Amino acid sequence: MELLMTAGPTEISPRVRAAMNKEIQSPDFDEKFKVFYKKLIQKTKKIYRTDKDLLILGGEAILGLEAAVSSIIDKNNQVLCITNGFFGDGFIDFVEMRGGKPTTVKHPYDQPINIEKVKESLEKNNFKAATIVHCETPTGILNEIDELLNLLRENNITTIVDAVSSLAGTPVPTDKIDICIGGSQKCFSTPPGLTTITVSQKAWREIEKHKQDTYYTSLKPWKDMWLENNQFPYSNLVTNLYALNESTDMILEEGINNVFKRHRKTHKTCIELCKNLNLDFYPKKPETMSPTVTAIKIEGKAKKIQKTVRKQNKILLSTGLGELQNDIIRIGHMGYNADINKVRKTVEAIEKALK
């Protein structure tokens, strides 16, 4: 059996797999399912640590990223895209697809966000919204965004944050975020297929003002139908929701702060093991890395190492993305994989492959 140590999807626990075998319910006509869904929402809010409206959309987390932009951005709207990675750059594309006008505050991929650069941009433009990535999974960097969110709030800017690979693995300042996006296949450790998303009242007001010209990539049908009329805008992914329900139970049983502690401890072990092998990390400063993923710099050899580790030890790792796809090996230690024994086994396999 192969060990999946990619930076998402993660391994899935036996409990979650068993939950997916439950008899399917009708999301549209079985009132018991709606009760189940409401309870799942409340449990997921505890993991988000917020009382904001929370939705669970039927689609991989990219749906949430695009829907957030599609729901509030009109043609010629000024949008501040703060980016230091692959997914931060992706937000620029979504804004341009909507006809918005992105102003980009770019940083090197191996360095965290510099708030002073953001301040300079705020002095020159009036922005409707800002996009940020909390954890840039392809490079392993965790951006400190508390102060940045305060700054954007002071300027009355609606914030859209990709927290897909940090939610449920490390604290996210969700109460300061207008639209916060998570995904089922990362720290929740369930199959790809669901987006979790919180929406503030400020964001809902912007959505109401915006002429919605999409359906599946719009959040407004969820407000009109689910939040206000207790009807789903489309058929839910029932089996995926069963999986998410079980994973939320597991997280809450452990305690969210204990889950954060487990991720920190696993990440610290991973860093120490890699240092013992004299491996280089991709971020300039290893302390800026997320407790959910470790990015190792292996220039020009990442794919070869990935292939060798899989062949020799039946462990699948992530490489980098885009231009860095052959220069970075990533160990995903998030969710069910935030496990010291799994990390130790993985680093030993990398050592063997390098030899």
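Predicted model: local features only at pLDDT ≥ 70, side-chain atom pairs only at ≥ 80, totals over all residues.
Residues are numbered from 1 along each chain as its sequence is written. Local features need pLDDT of at least 70 and side-chain atom pairs pLDDT 80 or more, totals for chains, interfaces and linings use all residues, and side-chain values use heavy atoms, without hydrogens and water.

Begin with Glu60, in the loop between strand S2 (53-58) and helix H3 (62-72), where helices (H or I, at least four residues) and strands (E, at least two) are DSSP runs numbered from the N terminus. Glu60 has 33% relative accessibility and therefore counts as partly exposed (buried is under 20% relative accessible area, exposed over 50%, partly exposed in between, with a 1.4 Å probe and protein chains only).

Next, select helix H5 (residues 115-122), where Ile115, Val118, Ser121 and Leu122 are the buried residues. They lie on the same side of H5, because their arc around the axis is only 115°, taken from the directions from the helix axis to the C-beta atoms. These buried residues pack against strand S3 (78-83), strand S4 (101-106) and helix H6 (146-154), with contact meaning heavy atoms within 4.5 Å.

Finally, show Trp204, Ile207 and Glu208 in H7, which meet Lys220, Lys223, Asp224 and Leu227 in H8; by class, this contact has three nonpolar, no polar and four charged residues (Ala, Val, Leu, Ile, Met, Phe, Trp, Tyr, Cys and Pro count as nonpolar, Asp, Glu, Lys and Arg as charged, and the others, Gly among them, as polar).
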